[in-house]
Amino acid sequence: MEQKGPFSATVVIVGSGLSGLATAACLADRHIDAVILERDDTFAPLWRYRTYDRLHLHLPKKYCELPLLPHPPSAPNFLPVADFIRYLNAYSAAFGLERLLRLRRRVDSAEFDTAAGRWRIAAVNLDSGEAEEYEALFLVVATGENDEPVVPTDIPGLDRFEGKAIHSCRFRSGKEYEGLDVLVVGSGNSGMEIACDLSHSGARASIVVRSPLHIVTKEIYSFALVLLRVLPMSLVDSVILFLCYLWFGNTSKYGLHRPSKGPLYLKENTPIYPVVDVGTYAKIKSGDIKIIPSVLAIEGKNVVFKNGKQQRFDVIILATGYKSNVKRWLKGDDHLIGEDGMAKQMYPNHWKGRNGLYCSGLIRRGIYGSTTDAINIADDISLEVQSRIKDKVA
Ligand SMILES: Cc1cc2nc3c(=O)[nH]c(=O)nc-3n(C[C@H](O)[C@H](O)[C@H](O)COP(=O)(O)OP(=O)(O)OC[C@H]3O[C@@H](n4cnc5c(N)ncnc54)[C@H](O)[C@@H]3O)c2cc1C
Ligand SMILES: *[C@@H]1O[C@H](CO)[C@@H](O)[C@H](O)[C@H]1NC(C)=O
C-alpha cells in the first residue's frame, strides 16, 4: 500500500474461501466495493492445499455451487476436486474478484470503533512483515470452520510416538504409505476416506472408531436431501436408516455402531456429519481395514488398545478435525460468534450481528450454507447502504 493511514472500504471480508468469494461476488453484483483479506497466497487455499488427491465432493453439483454461477451441464454430477477448483477460478474471473484480493494478509484483530461508527481491522503483510490498518462500515467474517487443526490431548504418549504422526491436513495420498502400518485416529469423513485410500494404496490401515456414527452412501444421502423438501426430517431420517440397512446390513457387526438419533437430526443439532462411504465399508467387511474401538496409550511405536492388545505402527494420521479461529482476532463481539468460534444464533438468523458485522459459512451447512449466507449478507448490506445514502440526501 502506498498510502499512509488506514485503507478504507465499504466492506472488508476476512477470508477468501468459498464463503468469502461468494459474499464478494454478491457484493460486486450489487456494485458495493469490498476488499478481501486472505492470509494464504491464493484464494480458496483449503481446496488447493488441504484436500487429498482422490477426494470428490459428496453432494451432487447443484448443492455445490456458489451464487450467480451454476456448474455447466457437461460437468460430472459428483465433482472431483480438480474440477471444483477450475470452477472457483472461473468464478473469481467472472466477478473480477482477484482485484479485490489482498493475499498474504493475516488479520490479527478487528474491533468496532463506536465513536467513528466503523470497523478497524489490523492485519500483517506476511511478505513484508509490515502492519496494515483497514477500516470499513461492514465486516464479514469468512475465516471458516476448519482453520486450525485439532489434535487429541487424551491419548497418553501420543506426543512421544516414535513413528511419524501427522494431522490429516497434511495427508495427500496413500501412495506415500505403501507397505506401512498406519493408524488413522478419527472416524469422520476424512478419517474413513483416508483409511480407504491407504488400503487401496497397499498400506495396512487401522482406524480408531471411538463413537457411534452414521455411515451412508452418497446416493442415499442425496435422495434424502430431495425428500427433505417435502417430508419432515424425522421421517426422512427413518427412510435413510431403512435404506442404509438394506445396503449395508447391520453395521454393528463390524464395530460401526449407529447413534440413537438419526443422521439429519445430528447434522442439524450437533457437529456430527454422516459419513459418506467411499468404499471404506467393503474394506472393513473384508478385514482389509481394521476397526479399533479405543486406544489406551502409546509406547514407542506400539499402540496399546483398551482390550489389552497392542500393535506396532509406522504412522499415525490424526483425522481429528479442525476448529474456527475467530475468537482469537474478533474483539468485543458476544452476539454473533459463540465461544467455539461458530455462529452463535440459531439458523436461519445466524449470519447478522450488530454494527454491520456478519458471518458467512460458520453454521455447519457446507457449501450450500456459504451460498445462502452470502446472498443474505449482500442483500442486507445493500439495503443498509441505500438507506444511508437516503439519510445523507435528506
Ligand atoms: C478435507 C476437507 C474436505 C471438505 N469437503 C467438503 C465437501 O465435500 N463439501 C462441503 O460442503 N464441505 C466440505 N468441506 C468443508 C469446507 O471447509 C467448506 O465447505 C468450505 O470450504 C468452507 O469455506 P469457507 O470459505 O467458509 O472456509 P475456508 O475454505 O476454510 O476459508 C477460510 C479462509 O480464511 C482464511 N483465513 C483464516 N483466518 C484468517 C485470518 N486471520 N486472516 C486472513 N485470512 C484468514 C483462510 O486462509 C481461508 O482461505 C471440507 C473440508 C475439508 C477440510
Ligand atoms: C445389530 O447387531 C447388534 C449386535 O451385533 C444388535 O445388538 C442390534 O440389535 C442389531 N441391530 C439390528 C437393527 O438388527
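Helices α1 and α3 (residues 81-94) pack with their axes 11 Å apart and at an angle of about 30°. They belong to a predicted model, in which local features need pLDDT of at least 70 and side-chain atom pairs count only at pLDDT 80 or more, while totals for chains, interfaces and linings use all residues; side-chain values use heavy atoms, with hydrogens and water left out. Residues are numbered from 1 along each chain as its sequence is written, and chains are lettered from A and ligands numbered from 1 in the order in which they are written. Here is a friendly tour, starting with the helices and moving on to the ligand.

**Helix packing**

- Helices here are DSSP runs of H or I with at least four residues, and strands are runs of E with at least two, numbered from the N terminus.
- Axes are lines fitted to C-alpha atoms, for helices over the stretch in contact, and angles run from 0 to 180 degrees between N-to-C directions.
- α1 and α3 are therefore roughly parallel (angles under 35 degrees), and α1 passes α3 in a left-handed crossing (the near helix is turned anticlockwise from the far one by less than a right angle).
- Helix α5 (residues 218-227) and helix α6 (residues 233-248) have axes that come within 10 Å and cross at roughly 160°.
- α5 and α6 are therefore roughly antiparallel to each other (angles over 145 degrees), and α5 passes α6 in a right-handed crossing (clockwise in place of anticlockwise).

**Ligand 1 and its shell**

- Ligand 1 is surrounded by 29 residues (each with a heavy atom within 4 Å of the ligand), and the closest are L18, S19, E38, N146 and N325.
- At least two shell residues come from each of α1 (18-29), α2 (45-49), β4 (105-113) and α10 (366-393).
- The shell divides into 12 nonpolar, 11 polar and 6 charged residues.

**Atom pairs at the ligand**

- E38 places a polar side-chain atom 2.6 Å from an oxygen atom of ligand 1.
- In the side chain of N146, an N or O atom is 2.7 Å from an oxygen atom of ligand 1.
- R39 uses its backbone: an N or O atom there lies 3.1 Å from a nitrogen atom of ligand 1.
- On its own, ligand 1 has 970 Å² of accessible area, and the protein covers 90% of that (Shrake-Rupley method with a 1.4 Å probe).

**Backbone details**

- Y347 and P348 are joined by a cis peptide bond with omega of about 5°, and P348 lies in the loop between α9 (326-329) and β19 (357-359).
- H31 is not a glycine, yet has a positive phi of about 60°; H31 sits in the loop between α1 and β2 (34-37).

Conventions: A polar contact is a pair of N or O atoms within 3.5 Å; within protein, one must be able to donate a hydrogen and the other to accept it, and residues adjacent in sequence count only if both atoms are side-chain atoms. Ala, Val, Leu, Ile, Met, Phe, Trp, Tyr, Cys and Pro count as nonpolar, Asp, Glu, Lys and Arg as charged, and the others, Gly among them, as polar. Angles under 35 degrees count as roughly parallel, over 145 as roughly antiparallel, 65 to 115 as roughly perpendicular and the rest as oblique.
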